[in-house]
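The sequence and structure are shown below.

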Amino acid sequence: MRVMREDDIVTGGSMTVDETTERARKLLDRYGHLQGISLIEPMVHEEFAGKITMTSSFGTEAAALLALVAEVDPNLPVIFLDTRKLFGETHRYREQLVDQLGLTNIRIMRPDEEKLKAEDPEGMLFAKDGNRCCFIRKVEPLQRALQGYDAWLTGRKRFHGGERGALPVIETAGTRIKINPLAGYNRQDIEDIFENRALPRHPLEAEGYMSIGCMPCTDRVDPTVSDVRAGRWAGQDKTECGIHYII
Ligand code: SF4
């Protein structure tokens, strides 16, 4: 899948690619058997103190990782990509979760206005070139937000299937390291986090949305016959927005 042009690619971690690869190898040796809060804790307080952030879509399962992170450090910067195509419910859910979990450092990133005017003046680019739309509305804002960080936590899980089926808990992304503390969690593990911590549900979950992104590219799915992400870019040759191809 191609979502970036050569001149779009920027790198931003303080390590070289080789140093990042070596660091990831050492981290995997030491922490590769851990997950959840046991993995988040040393990453945030020891390995990458002040140099780590997390991304959250504030979608249906997002509260699980947010809750664990809030228990480790409620001041950890949380990057939220406001593509300007999100459901209003997602914005309200974000406010509710931030309040309930006591998160203090939400960084709302938006697309560059000039790029929008030049490439998506009608706001319909998603229908013609979804990859470019995702680049302008998600990838480029995230690249900006990640400047100055050497590592980021993501909420991806193997049970979501597709490219995520082989997800390691620690991986490299060019000059940065990505930590996936929930990689090995299954649906019931996520449910348990919600129940044990009395986390609120995304309001659209009850209406049949299992994975929630932008409004034009998210459909309801039948949970008995579909995989979790089947409603994302349904009917298109596209399964990811591209933020996990950032280097
Ligand atoms: S998910 Fe759809 S609307 Fe959102 S940025 Fe990607 S293509 Fe555009």
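The sections that follow describe the sheet, one of its strand pairings and the aromatic ring pairs.

## Basis

The model is predicted.

## The sheet

Six strands form an open sheet with mixed pairing, in the order S3-S2-S1-S4-S6-S5. Its edges are strand S3 (106-109) and strand S5 (170-173), each of which pairs on one side only. On average, neighbouring strands of this sheet are turned by 30° against each other, direction ignored.

Strand S2 (residues 78-81) runs parallel to S3, and four bridges join the two. Isoleucine 79 stands opposite arginine 107 in S3.

## Aromatic pairs

By the ring-centre criterion, the count comes to two aromatic pairs. In one of them, phenylalanine 58 and phenylalanine 80 have ring centres 5.5 Å apart and planes at 80°; the pair is therefore edge-to-face, since planes over 60 degrees apart count as such. Phenylalanine 58 belongs to the loop between strand S1 (52-55) and helix H3 (62-72), whereas phenylalanine 80 belongs to strand S2, so the pair ties together parts 22 residues apart in sequence. Both phenylalanine 58 and phenylalanine 80 are buried.

Phenylalanine 87 and tyrosine 209 also form an edge-to-face pair, because their ring centres lie 5.5 Å apart and their planes are at 65°. This pair links distant parts of the chain, 122 residues apart: phenylalanine 87 is in the loop between S2 and helix H4 (88-101), and tyrosine 209 is in the segment after helix H8 (187-196). Phenylalanine 87 and tyrosine 209 are both buried.

Methods: Residues numbered from 1 in each chain as written. Predicted model: local features only at pLDDT ≥ 70, side-chain atom pairs only at ≥ 80, totals over all residues. Heavy atoms only, no water. Pairing = 2+ DSSP bridges. Axes fitted to C-alpha atoms, helices over the stretch in contact; angles between N-to-C directions. Phe/Tyr/Trp six-rings, centres within 6.5 Å; stacked < 30°, edge-to-face > 60°. Buried < 20%, exposed > 50% of the residue type's maximum accessible area, 1.4 Å probe, protein only.
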